[in-house]
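Please keep the sequence and the structure at hand while reading.

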Amino acid sequence: MSDIIISCKAYCKIILHAAKYPHCSINGVLLAKSSTKKEIEFVDAIPLFHNALNLIPMAEIALAQIDQVASRQGLVIAGYYTAHENLQQNSLEKAYHRISEKIAENFSGACLFVVDNRKLSNQLDSLALKVAQFSDGKYRTVDVNNILLEPSHTLNVCTSLLEQKSYKSLVDFDNHLDNVSLDWINNAINEEIEEIM
């Protein structure tokens with residue numbers, strides 16, 4: 001198992017996606033620096049869907065576009081995240097998805113993230129994610145001590161974004177497919193995160 005580093009940008013965008021659609025299941029992918037080190041550094045999250053998570057043709061289109069953007073930046077799709085619509089449900093076992101399997105086929109050590117809905121609030125004081133890493137043919141739970149938020153004040157940044165209701169401007173692929181002029185990379189939110197940091 002690798003140490004897992006999650007950037008402020010990646011973490012905040014996952015939480016903002018869940019905050020924008022608290023009544024829906026949501027999903028997305030995480031981009032990491034391609035590295036052979038014993039750690040995986042996730043630097044960005046790309047929100048995918050909130051309507052129908054299992055529309056394979058739409059997912060394939062989204063992943064192809066994301067892969068193009070990622071490779072130009074020297075990044076790889078190395079993680080999958082989801083949040084369940086049922087606030088009590090946060091198990092990793094129910095999070096498996098065809099996208100997470102595909103990522104594991106293409107990236108050894110791929111990670112699966114589940115938003116722990118019970119830890120979401122306007123004042124974040126602990127990591128609101130459960131994490132599993134692909135190893136020996138299946139996803140295995142990662143000890144929370146092997147997960148590092150970078151920088152250390154990421155929870156404060158995320159709390160600030162939630163207070164400002166920044167999630168209202170977050171764009172996922174469902175939004176982009178409804179209006180192709182919408183920016184699924186979320187450059188405006190990326191800039192907002194940089195300013196707060």
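Which backbone nitrogen lies 3.1 Å from a polar atom of the side chain of Ser-7? It is the backbone nitrogen of Ala-10. The structure is a predicted model, and the points below are grouped by topic.

- Ser-7 belongs to strand 1, which covers residues 3-7.
- With a relative accessible area of 13%, Ser-7 is buried, because the limit for that class is under 20%.
- Beyond four places in sequence, Ser-7 touches Phe-42, Val-43, Asp-44 and Glu-150.

**The largest nonpolar core**

- The largest nonpolar core holds 66 residues, and the members that touch the most others are Ile-6, Tyr-11, Val-29, Phe-42, Ile-66, Phe-113 and Leu-129.
- Helix 1 (residues 8-20) gives the most to this core, with eight residues.
- In soluble globular proteins, nonpolar side chains tend to be buried together.
- Phe-42, one of the core members named above, has contacts with Ile-4, Ile-5, Ile-6, Ser-7 and Ala-10, among others, when neighbours within four places in sequence are left aside.
- Further contacts of Phe-42 on that basis include Leu-30, Leu-31, Ala-32, Ala-78, Gly-79, Cys-111 and Phe-113.

**Cys-12 in helix 1**

- Cys-12 is placed in helix 1 and counts as buried, at 0% relative accessibility.
- Cys-12 and Cys-158 are 146 residues apart along the chain, yet their C-alpha atoms are separated by 5.3 Å.
- Not counting residues up to four places away in sequence, Cys-12 touches Thr-154, Val-157, Cys-158, Leu-161 and Ile-193.

**The largest pocket**

- The volume of the largest pocket is about 330 Å³.
- Its lining comprises 18 residues, of which Ala-18, Ala-19, Pro-22, Leu-120 and Ser-121 are the closest to the centre of the pocket.
- At least two lining residues come from each of helix 1 and helix 4 (154-163).
- Helix 1 gives the most to the lining, with three residues.
- By class, eleven of the lining residues are nonpolar, four are polar and three are charged.

**Ala-83 in strand 4**

- Ala-83 is located in strand 4 (residues 75-83) and is buried, with a relative accessible area of 3%.
- Ala-83 lies 56 residues from Asn-27 in sequence, while the C-alpha to C-alpha distance between them is 6.6 Å.
- Ala-83 touches Ala-18, Cys-24, Ser-25, Ile-26, Val-115 and Asn-117, with residues up to four places away in sequence not counted.

**Asn-175 in helix 5**

- Asn-175 is part of helix 5 (residues 173-178).
- The relative accessible area of Asn-175 is 14%, so this residue is classed as buried.
- A polar contact of 3.1 Å links the side chain of Asn-175 to the side chain of Tyr-21.
- With neighbours within four places in sequence left aside, the contacts of Asn-175 are Lys-20, Tyr-21, His-50, Leu-170 and Leu-182.

**Backbone geometry**

- Most residues other than glycine have a negative phi, and most peptide bonds are trans.
- The peptide bond between Glu-150 and Pro-151 is cis, with omega at about 5 degrees.
- Pro-151 is in the loop between strand 8 (147-150) and helix 4.
- Asp-136 is not a glycine but has a positive phi, near 50 degrees.
- Asp-136 sits in the loop between strand 6 (129-135) and strand 7 (138-141) and counts as exposed, at 71% relative accessibility.
- Lys-165, also not a glycine, has a positive phi of about 55 degrees.
- The loop between helix 4 and helix 5 holds Lys-165, which is partly exposed, with a relative accessible area of 43%.

- The loop between strand 8 and helix 4 contains His-153.
- His-153 is partly exposed, with a relative accessible area of 31%, because this class lies between the 20% and 50% limits.
- His-153 and Met-197 are 44 residues apart in sequence and 8.2 Å apart in space, taken from C-alpha to C-alpha.

Terms used: Residues are numbered from 1 along each chain as its sequence is written. This is a predicted model: local features need pLDDT of at least 70, side-chain atom pairs count only at pLDDT 80 or more; totals for chains, interfaces and linings use all residues. Side-chain values use heavy atoms; hydrogens and water are left out. A nonpolar core is a set of buried Ala, Val, Leu, Ile, Met, Phe, Trp, Tyr and Cys residues joined through side-chain atoms within 4.5 Å. Buried means under 20% relative accessible area, exposed over 50%, partly exposed in between (1.4 Å probe, protein chains only). Helices (H or I, at least four residues) and strands (E, at least two) are DSSP runs, numbered from the N terminus. Contact means heavy atoms within 4.5 Å. On a 1 Å grid over the protein atoms alone, a cavity is a set of points where a 1.4 Å probe fits but cannot get out, and a pocket is an open set with protein on both sides within 12 Å along at least five of seven lines; lining residues have an atom within 4 Å of a point. Grid points are joined across faces, edges and corners, and a volume is the space filled by probe spheres set on the points. Ala, Val, Leu, Ile, Met, Phe, Trp, Tyr, Cys and Pro count as nonpolar, Asp, Glu, Lys and Arg as charged, and the others, Gly among them, as polar. A polar contact is a pair of N or O atoms within 3.5 Å; within protein, one must be able to donate a hydrogen and the other to accept it, and residues adjacent in sequence count only if both atoms are side-chain atoms.
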